[in-house]
Amino acid sequence: MKTRTKAAGNEHALVTLANGQRALVSGGPGGIIFQEGEITTLFGHTHPTSDPPSSADASALKSLNQSKQYVLHGGVRTVVRPKN
Amino acid sequence: MGILILGVTICPICCDIITNRDSYFSFPAFVVNLKDPLYFFNDTSFHERCLKKVELTSKAKEVSYLYIKNIRPENRKCLIRGNLITDYHRHIFIERLASGKYDFLYQFNYKHIDKNNLPFWNIKEQFLKALDLLVASKNWKEIDDKKYLKRLIFETSSTPNSP
């Protein structure tokens, strides 16, 4: 994911699709848009630059009912947990 | 946010879910500094109708478009010598360091450095000094203890000063 992100400058994410399959997906430099019901789990995603995980990354976990996700940013991996 | 999941993601202005029936706008992860007036928009998605109520929206969109343009692989040109950086091991990307255009660091926002060119950079010491001041100031705050700024200083200073 790191290599793909660096090479293309686009965000990537590792997800579970609604049909249960896992997939590595690529968005644009501004992010990735998933349609309603398209994914059930977001394991993690990349930021194209060094920008660390945001509060929105933490909020997303609550909505997806997840305990964590990984964010790769500028070669660093950070575990994000839901906001209290 | 960078990741928008329709039917799940909540607009932070109205606190309602963004659906595929809405018009929406997603900002990239383009601001590191929590004290930057544009941090509110960082890595976040909103209803377009909600964004219209926020004063800084047009400025935030303008800056986010600049970020998106500058991070494209074809625009990774070194600010020191102008060469295209194709090896990411040699690549340093400078995030948004300043919001005021009269700030010395403003000129470096969203610029690139080829590590191989650092020995030829005649204002490197000035740049590093300004970063040191920023680390010590109350005008910069990150989610994780100024790690980005410290890393940028390390990466920029770890190459020898002379060829």
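Me: What makes strand β3 of chain A and β1(B) a pair in this predicted model?
Reply: Strands pair if DSSP finds at least two bridges between them. Strand β3 (residues 32-34) of chain A and β1(B) have three bridges, so they meet the cut-off of at least two. The sense of the pairing is parallel.

Me: Which residue of β1(B) is the bridge partner of A:Phe34?
Reply: B:Ile5 is the bridge partner of A:Phe34.

Me: How many residues does each chain give to the contact between chain A and chain B?
Reply: Chain B gives 31 residues and chain A gives 32. Residues count as in contact if their C-beta atoms, placed from the backbone, lie within 7 Å.

Me: Which elements give two or more residues to the side of chain B that touches chain A?
Reply: They are β1 (3-5) and α2 (57-71) of chain B. β1(B) gives the most, with three residues.

Me: What classes of residue make up that side of chain B?
Reply: The side of chain B that touches chain A has 18 nonpolar, eight polar and five charged residues.

Me: Where does the domain assignment place the domains of chain B?
Reply: Domain 1 covers 1-71 and domain 2 covers 76-157. Their centres, taken over C-alpha atoms, are separated by 25 Å.

Me: How do you know that domain 1 of chain B touches domain 2 of chain B?
Reply: The cut-off for a residue contact is C-beta atoms within 7 Å. Twelve residues from domain 1 of chain B and ten residues from domain 2 of chain B take part in the contact, so the two domains touch by that cut-off. On the domain 1 side, eight residues are nonpolar, two polar and two charged.

Conventions:
Residues are numbered from 1 along each chain as its sequence is written. Chains are lettered from A and ligands numbered from 1 in the order in which they are written. This is a predicted model: local features need pLDDT of at least 70, side-chain atom pairs count only at pLDDT 80 or more; totals for chains, interfaces and linings use all residues. Domain bounds come from an automatic or database domain assignment. Ala, Val, Leu, Ile, Met, Phe, Trp, Tyr, Cys and Pro count as nonpolar, Asp, Glu, Lys and Arg as charged, and the others, Gly among them, as polar. Helices (H or I, at least four residues) and strands (E, at least two) are DSSP runs, numbered from the N terminus.
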